[in-house]
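Dear colleague,

I am passing on the structure below, followed by notes on what was found in it. Please read them with the structure open beside you.

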Amino acid sequence: MQYISTPQRLLLHNAALVTAAGRERGPLASWEALGWWPQAELIVVRDGRHWRTAWIGAPGDPARPAYDRAIDLGGQLLTPGWIDCHTHAVFAGDRSHEFTQRLAGTSYAAIAAAGGGIVHTVAATRGAGLAELVAASAPRLAEMVAWGARVVEIKTGYGLDLTTELKTLAAIGALQQQFAGQLTLVATAMPAHAIPPEYRGDPDSYVALVCDEILPALGAHAVPVAFCDVFVERGYFSVAQAERIGEAAAALGLRLKAHVDELAAIGGLDWAVARGAVSVEHLLCTDGAGVARLAASETVAVGLPLTSLFLREPLAPLRALVDAGARVALATDCNPGSAMTTNLPLALQVAVLMGRLTPPEALRAVTRTAALALAEPDGLTGRIAVGERFDATLLAASHPDELTYHFAAPPRAVPLLATADFGQNAP
Ligand code: NIG
Ligand code: FE
């Protein structure tokens, strides 16, 4: 019998490298401030199931340690693995008809009030079998891989009943198997995404069901759930209801995330920050006080510029958030109603072009701060730093300015680093 030995120490050379190991808060005026090596070499070592960065240096550095295999990256751009830290990518059906209605002038809120919106997708998702739900969602994840994502957070929330919320989590588990080595999936429980139609007249009973049955069942599932998210919004969940959900989640050891200030500001931001939420998301109508609140907290502000674009709404105050010193991340929000897209590079580009982030601030927002928005899942820190788990996206570019300059361009992720064993010499 012959075994191909798996290399334990790799040299990655001839790379242009952004480490994203610079500061986590505040403005970044240059690539140097984020961590930039026009020419770099790295030694990465196998550490159990993962790789760890052991050394970073310039070509010709005599301090370079030994290695047992070299990979020439062809002068291409190496960054920390991109993280899409906010998606609703597992659902069935589509809502193109609502999109057309919105283009003709009907608002997202009006469509939801008339019985469409999230509950439309809920009906399709309840009606789909597990295999069907997985098959409907897998192409979206494949697109995310092509765009360079290495970590994707996925929320439940198109079930809104015990059976379908559990089916959604099982689908996330099946997709994790299917995309093993390509993607790390992070599951978030979001049964508090909308009031299901059968509880329209009695939302508090649905909140009780979420707290007493759905969250405990999701938290006990074989597919691990790290977070609980809640949509704090007029017509969805009030701050008082969100507080009951936050308490139940905390008792189960789930950390809090919250959709706040998306359509109207009803106090969700202050509540979530005071509750120690890992992140707050959307922030379209966040004011100066909210910005200051976030700047003074550990809570990550997740901007979703493609949702603003798709809903024809203003962007979150991204520039003000960064200037004030908040930790700012960016994600796609991939979902059938408010952001039918998988394009994380476009989120970065719109944040730069319309939201006035600098390109280094935007790249930080899909790497380091996106990892913080997910509490560094499985040791993934969203930066390339000695001693930390190594995970990277390789892009067909030689300079990070190209990531914004070539806007709305085809995917540039290079599959060489697309598997944990680098696609070669796997045992
Ligand atoms: O993030 N805000 C709530 N959830 C989604 C929209 C979901 C949908 O319309 O299906 C969002 O925008
Ligand atoms: Fe969302």
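About 2,100 Å² is buried between domain 1 and domain 2, and carbon and sulfur atoms give 51% of that area (buried area being the accessible area, with a 1.4 Å probe, that two parts lose on being put together, summed over both). On the domain 1 side, Glu24, Arg25 and Thr404 lose the most area to domain 2, together accounting for 33% of what that side buries.

This is a predicted model, in which local features need pLDDT of at least 70 and side-chain atom pairs count only at pLDDT 80 or more, while totals for chains, interfaces and linings use all residues. Residues are numbered from 1 along each chain as its sequence is written, chains are lettered from A and ligands numbered from 1 in the order in which they are written, and side-chain values use heavy atoms, with hydrogens and water left out.

The division is into domain 1 (9-80 + 383-405) and domain 2 (83-379), with bounds that come from an automatic or database domain assignment; their C-alpha centres lie 30 Å apart. In contact across the boundary are 22 residues of domain 1 and 28 residues of domain 2 (contact meaning heavy atoms within 4.5 Å).

The interface of the two domains holds 6 salt bridges, each defined as a side-chain nitrogen of Lys or Arg within 4 Å of a carboxyl oxygen of Asp or Glu. Arginine 25 also forms a salt bridge through its side chain with that of glutamate 298, at 3.5 Å from N to O.

Best regards
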